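Reader: Please walk me through this model. I would like to hear which cut-off stands behind each term.

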Amino acid sequence: MTAGRERAATDEGAQAPLSLVSMQNHFELFQLTPGYALDCAALEAAYREIQARVHPDRFAHAGDAERRASMQWTTRVNEAYRTLKSPVARAQYLLELRGVDVGLETNTSMPPEFLMQQMELREALERAGDARDAAALDVLRAGLRRETRTLESSLAEAIDARRDYAGAAGLVRKLMFLEKLAAEIDLAYEALEV
Amino acid sequence: MALLQISEPGMSPAPHERRLAVGIDLGTTNSLVATVRNGVASVLPDQQGRALLPSIVRYLPDGRSEVGYPAQAHQTEDPKNTIVSVKRYMGRGLKDVVHVENAPYDFVDATGMLQLRTCAGVKSPVEVSAEILRTLRTRAELSLGGELAGAVITVPAYFDDAQRQATKDAGRLAGLNVMRLLNEPTAAAIAYGLENAAEGIYAVYDLGGGTFDISILKLSKGVFEVVATAGDAALGGDDFDQRVFCWVVEAAKLAPLGARDMRKLLVKSREAKEYLTYHGEAPVSTRLSSGEWVDLSITTEKFCEITQNLVQKTLGPTRKALRDAGLTIDEIKGVVMVGGATRMPQIQRAVGEFFRRDPLNNLDPDKVVALGAAMQADVLAGNKPAGEDWLLLDVIPLSLGIETMGGLVERIVPRNSTIPVARAQEFTTFKGGQTAMSIHVVQGERELVSDCRSLAKFELRGIPPMAGGAARIRVTFQVDADGLLSVGAQEKTTGVEASVTVKPSYGLEDADIERMLRDSYEHARDDMHARALAEQRVEGERLLAATRAALAADAALLSTEERACIERAVAALEAVAVGSDHRAIKQAADALNRATEEFAARRMDANVRRALAGRNIASLDV
C-alpha cells in the first residue's frame, strides 16, 4: 500500500545495510499516507504496535547491544509520533518534506493586522493576569482555541487540497504564535494558583 | 525453519526458568519489597510478619547500623545518629532543604549533595538509602531463597535528574541490579489498572511522607500511558507533622528545643495527626528533658486550619497536570489515592470536591506502589509470556534546557515528553578562533537559570579554530527509560569530532561506588573479588542466554560469516564464564556485545517490520 510496506517486503534479509532508523520518514514509519489530514486512530495503533516490539522494557535483561538498539528505536518512534500527533509540528514536517522551509528565523514578516491582533491579545492577557481574573483568562483561552481550529482547517485545505505550500507556511507561522500565547495563558493560570 | 522459531524479542526460550525479581517502594516514611509469585503480587514481610520497614537508619559508634524498627525505637534518645526521612535529602544541597532548623542532624554541606555527620562517620543520603535497600534485599533473598536477578525501585514522578541518579546509585550500592526506576504513581496505576481491569483516563493522587505527585494516565488494554505529571518533590505528610509541631511549640510557649526534645515532639505530633484521622480530638502529651510537661490537645478543626494551605498546595500541580494533558475534570474517569497521607480526611474531602467524585480507595495506599513495582519487575525480568505483558509509556516530569546569554534558559526537552527521548540543538562559537565552549545543563520550568536546578556544567574543547559563528556544535540530550539524562556534543563542520558524554556532577563514579562498598561495615568482610566474580558471571550468563535466544529466533538475518563471528564470541565467553577471572569474563562479554551490535540493530528493524506486517494482515481480515 505504501512505500514503507514495499520496502518491508523486499528488505528483509541479511543484506540490508542501513537501519530503518535513518531511512524512513515519519509517515513511512507508521505506514500512513503523507498529508495534513491524518487518521489519528491508525497513527496511535501503529505507534503502539511498534513500541510493543522495541520498547526498553522488553530488553531490560538483554545484552548491551540490544538495549542500545532498543533505546534508539524507541527514541525515534517517540519523536515521530510526537511530530505527527501535533497539528503544527505535523504541518511543519510535511512542508519540510515538500522542500518548503517554514523559515522561522528568516521569514519573520507577518501580516500587520495579525501582529496587531496578537498585540491586543497579549495586552488582554497581561490585564487579566494583573487583575487575577480567572474568568477573563477562560475567555481568552476559549477564543484562542476557536482561532486555532479555524487556522488548522485552513491549513488542511492549503496543504491537502490546494497544495499551496507557501501559503501553508504562513499559516504554520501564525499557529506558532498562537501556541506561544497558549503557553503564556497557562503560565498566567499558574500564577493565579500560587 | 527460522520462521517457525520466531519468539518474542528479548524473551527467554525457556519460560519456565523464572528470574527472581522484586519491586521496592523506597518511601520517605516506610519502605516495602514485593514480588510476583504464581501470578500474584504480594508484599514480603520480615521474620516477625511485618510488611513495612520504617525508613530509619541508626548508626552505631562501632560502625554498624540498625535499620527499621530497631532504629525507630531509639530515634528520640539518639536523634543525631538516627536518620529518618532521608529521601528528602536525596540529590539535594543544604540550601534546598526547608526547615533545616527543625531537623536534629549535624549537616555537612558538600558539592552537589548534603551529607550527615554521624558517630560512624560522615554519610551521604545515598549511603543511608542503600542501608534500607540492603535490608530489603536481604529480606527478599531469604524469603525467596536465592539471589535476586533484578529490582525495580520506585521514585516520585516529580523527582528531578539529581534525585533519580541518587536513587539508582543507592540501588547499586546495595548490590541490586536496578532494572528500572519507576514512577510511584505509575506503579500504583499498574496495580490498580490490572486489579480492576480499568480503562479510560485516570488521575493518580499520591501524597507520601515527603513528596506529592499527580499523574494523569490513559489506561487501555495492555497499555499504560502517562499523559502528564506534576507535583511537588518537597511536600508530604511530614509537613503536616511540622505544622502540628509548630502549633505545639507556640501554644505551649516552649523555649528553643534540643535535638532530643525536637524529635520527641515531632514523633508526638505525627501520632496526633494519625489519631485525628479517626477521632475529633488528639492529645499531645510528653515530658521534656527539662522536666517540663507539655500537655495539650488538638482538635480536628484546628488541625484542618493549620494545614489548609498544605492541602491547597496540592491542587495547583493538579490543575497544571490537567492543563498539560489538555483535559477537563469531567474527562477523568476516576481518581486513585496513593500514599499514607491520603488517609487524612481533609485530603479526601479536598480531592473529592476538586474532581467532583469520590476518590478510589480500594487498594491499600501503603502497599499499592510496591505491588505495582513488583508487577513491572516481573515483566522486565522476562517472566511474563508475550501477550500477557503490557506496554508502559512514561514521561519526563521537568523540562531540560541549557543556559544561554544573560542567564536565561533555552528549553530543549519539554516536560511531559514521552521517554526515552532525545533532542539535539546546534550551537556556534561567539568569537573567531574560539576553541572551547562551556555548556550548562539545567532542569526546571523557570526562565532564569538561577531558578532551575543545575545538573551539569562541562567544557567542550578541541573545537577547530574558525571564524566566529562558523563552527557547528551539535549537543544531544538523551533521556533514557529511567528518566536519566546523558549529554553528548560534537563539532560537525570540519569532520573533527570533539565528543563528550557528561555524567551529572552529583552522580557517583564506579570508583566511588566501589570505595563506599569497601567502606561499609557489612562489606568490609566480604571478599570483593568473589563479589565481582559473582556479578560478572550473572551478567555473562544473562548475555549468553539473550544471544542464544536471539540466534534461535533471527539467525536468518545474518550471513554465514557474520553468524560464525558471533558464535566465536559466544564460545569465547562460555570458555571463561566458568573460570574465576572476573576481568576475563568482562572482556569476553564486552567483545560479545560488540560482535552483536549490528545483529541487534537488524533484529530491531525486523521487529518493526513484523509489527507493521501483522497490522496489515489484521486489517485485511476485517
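Reader: Which residue is the bridge partner of B:Gly200 in β14(B)?

Author: In β14(B), B:Gly200 has B:Leu219 as its bridge partner. Before we go on, this is a predicted model, in which local features need pLDDT of at least 70 and side-chain atom pairs count only at pLDDT 80 or more, while totals for chains, interfaces and linings use all residues. Residues are numbered from 1 along each chain as its sequence is written, with chains lettered from A and ligands numbered from 1 in the order in which they are written.

Reader: What makes β13 and β14 of chain B a pair?

Author: Pairing needs at least two bridges found by DSSP between the strands. Strand β13 (residues 200-207) of chain B is joined to strand β14 (residues 212-220) of chain B by eight bridges, and the two run antiparallel. The strands themselves are DSSP runs of E with at least two residues, while helices are runs of H or I with at least four, numbered from the N terminus.

Reader: Why are β18 and β19 of chain B said to stand at the edges?

Author: Their open sheet has five strands in the order β18-β13-β14-β15-β19 (chain B), with mixed pairing. β18 (334-338) and β19 of chain B each have a single partner strand, so one side of each is left without a neighbour in the sheet. From one strand to the next, the twist averages 25°. A helix belongs in this picture too: α7(B) lies across β13, β14 and β15 (223-232) of chain B, at about 140° to β15(B).

Reader: In what order do the four strands of the other open sheet, the one with antiparallel pairing, come?

Author: That order is β21-β20-β23-β24 (chain B). Here the edges are β21 (408-413) and β24 (453-460) of chain B, each with a single partner strand, so one side of each has no neighbour in the sheet. Strand β20 (residues 400-404) of chain B pairs with β21(B) in the antiparallel sense over five bridges.

Reader: What are the angle and axis distance between α9 of chain A and α7(B)?

Author: Helix α9 (residues 165-193) of chain A packs on α7(B) at about 165°, with axes 10 Å apart. That makes α9(A) roughly antiparallel to α7(B). A:Asp186, A:Tyr189, A:Glu190 and A:Glu193 in α9(A) meet B:Gly316, B:Arg319, B:Lys320 and B:Arg323 in α7(B). The classes are one nonpolar, one polar and six charged.

Reader: How many residues does each chain give to the contact between chain B and chain A?

Author: Chain B gives 47 residues and chain A gives 41. On the side of chain B, the largest share, 15 residues, comes from α15(B). That side divides into 25 nonpolar, 11 polar and 11 charged residues.

Reader: Why does B:Leu176 count as buried?

Author: Buried means 20 or more other C-beta atoms within 10 Å of a residue's own, exposed means 12 or fewer, and partly exposed lies in between, with C-beta atoms placed from the backbone. B:Leu176 has 23 such neighbours inside 10 Å, so it counts as buried. B:Leu176 sits in the loop between α3 (161-173) and β12 of chain B. Leaving out residues up to four places away in sequence, B:Leu176 touches B:Leu133, B:Arg137, B:Leu148, B:Ala151 and B:Gly171.

Reader: What share of chain A is made up of buried residues?

Author: Of the 194 residues in chain A, 34% are buried. Chain A has nine helices and zero strands.

Methods. Two residues are in contact if their C-beta atoms, placed from the backbone, lie within 7 Å. Ala, Val, Leu, Ile, Met, Phe, Trp, Tyr, Cys and Pro count as nonpolar, Asp, Glu, Lys and Arg as charged, and the others, Gly among them, as polar. Axes are lines fitted to C-alpha atoms, for helices over the stretch in contact, and angles run from 0 to 180 degrees between N-to-C directions. Angles under 35 degrees count as roughly parallel, over 145 as roughly antiparallel, 65 to 115 as roughly perpendicular and the rest as oblique.
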